[in-house]
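Please keep the structure in view while reading.

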2 protein chains.
Amino acid sequence: MIPAALSDRRPYLRDSEDARRAALVAAVLDLVAEGGVDAATLRAVAARAGVTPGLIRHYFGDKDGLMRAAYGRMMAAMVDPCLAAADAAGVDPVARLAAFLAAALDPAALDGRTVTLWAAYIHRTRHDPALRAAHEAGYLAFRDALEALIAALPACHLPPRVAAIALNALLDGLWLEGGLLPQGFVPGEVQRIALTAAARLLDLPELTELSETEGP
Amino acid sequence: MIPAALSDRRPYLRDSEDARRAALVAAVLDLVAEGGVDAATLRAVAARAGVTPGLIRHYFGDKDGLMRAAYGRMMAAMVDPCLAAADAAGVDPVARLAAFLAAALDPAALDGRTVTLWAAYIHRTRHDPALRAAHEAGYLAFRDALEALIAALPACHLPPRVAAIALNALLDGLWLEGGLLPQGFVPGEVQRIALTAAARLLDLPELTELSETEGP
DNA sequence: GCCTGAATTATACGCGTGTATAATTGAAGG
DNA sequence: CCTTCAATTATACACGCGTATAATTCAGGC
């Protein structure tokens, strides 16, 4: 046996399969957000996850498998908090909608990192059928949730589908602009605009004061 | 002199500097739209433009120079038609706005190719200062034009800045969704939703019939 | 009618990539 | 205690990339 001091072989550390998969996926998302898809080379991913490139092949088969897993994780991280916020807001339809909107444009989600990450994947969704399916599923889940929230509203003069599409587009656009040009808005402005515009689209009384109920 | 039949050297064809730059930039945009940024290698770009990789270096210095030029061209192709449509619509503020909106969501602009192209560049705008400046300039030009159109409107209960941001976000989102999920909408639906939502946001009478004045 | 110089092509280099396969490690079962 | 097998690392390979530089071709000035 070769003494540790003389062997430059990387120490052999075991871990659970779940932990390894999670670490590798997290490394991909970090790298993509920092330097674009190009930065997420297998070697860089492995280094950040503290393992060796071969392990990626062991767990994900090839690079496409890794990227697909990372994309699924990203979509969940974007959509789930909004659904959870609505559910946590109780039963009042207006409060539920306001909570959903506020969560969608939460400063954490508005981070340019997330937008960059999302954009970096978009072009792949057009050519990779698996990614495309994941994209459509996530997008429609979000829009359907929005449509359900709108349908539960007391009075809305627009068909729920139309209102959901328009409101969803408004959220997407604000999320995009807020994430890409953070210094173009004063803090909280993006959320306020979303609530104002949503109120006008849906014939609702002003929603803005609802979001300011988070006192210290 | 070696007979042409024996020389496999590519025929030497001269062209103007403008034509060469335009051909190379067009080749970049085509390739990026088709296969993402990865597909736009210097060799592939040169082949599509009918030249040799060395020419790219001659005209653009390095790959970054090429990509910057292509980005500027893309932004102009997205923004200019909207400005032109508004100017061509005469002096009525409402007609001008409707024309601008319709142009922004024109089927040609709504092509998934354009969205893909745009997304493919986004992550670079976060790290490349020159691209970032180009992005901000194009974005703000668009939004300022929108704000000017809104400010000229007869009555608007929203501050022009807020209305412009919201409407711009709505356009961005619809453009995104329409381009990425074309089969998720019936033809013309995206434009109709944009006009309906804009009318509600701006306290305007319905705008939808304005876009249907294009009879044969 | 040559000669200069820009436009264009050709070739070579070094590097990093994804993939494949072999070598090692350690834990669990008999 | 030994065997077995999955988890992990190490090494090798072939390829395409961006860049650099040298060789060619053509047009215009003298």
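**Domain interface and DNA surface**

In this predicted model, 8 residues of domain 1 of chain A are in contact (heavy atoms within 4.5 Å) with 8 residues of domain 2 of chain A. L29(A), A33(A) and V37(A) provide 57% of the area that domain 1 of chain A buries against domain 2 of chain A, more than any other three residues; buried area is the accessible area, with a 1.4 Å probe, that two parts lose on being put together, summed over both. The domain assignment, automatic or from a database, places domain 1 at 13–61 and domain 2 at 70–212 of chain A.

The interface count is 1 salt bridge, defined as a side-chain nitrogen of Lys or Arg within 4 Å of a carboxyl oxygen of Asp or Glu. D30(A) and R113(A) join their side chains in a salt bridge at 2.6 Å, N to O.

Around DNA strand D there are 23 residues, of which R10(A), R20(A), Y59(A), R57(B) and K63(B) come nearest; a residue is near if one of its heavy atoms lies within 4 Å.

Local features need pLDDT of at least 70, side-chain atom pairs pLDDT 80 or more, while totals for chains, interfaces and linings use all residues. Residues are numbered from 1 along each chain as its sequence is written, chains are lettered from A in the order written, and side-chain values use heavy atoms, without hydrogens and water.
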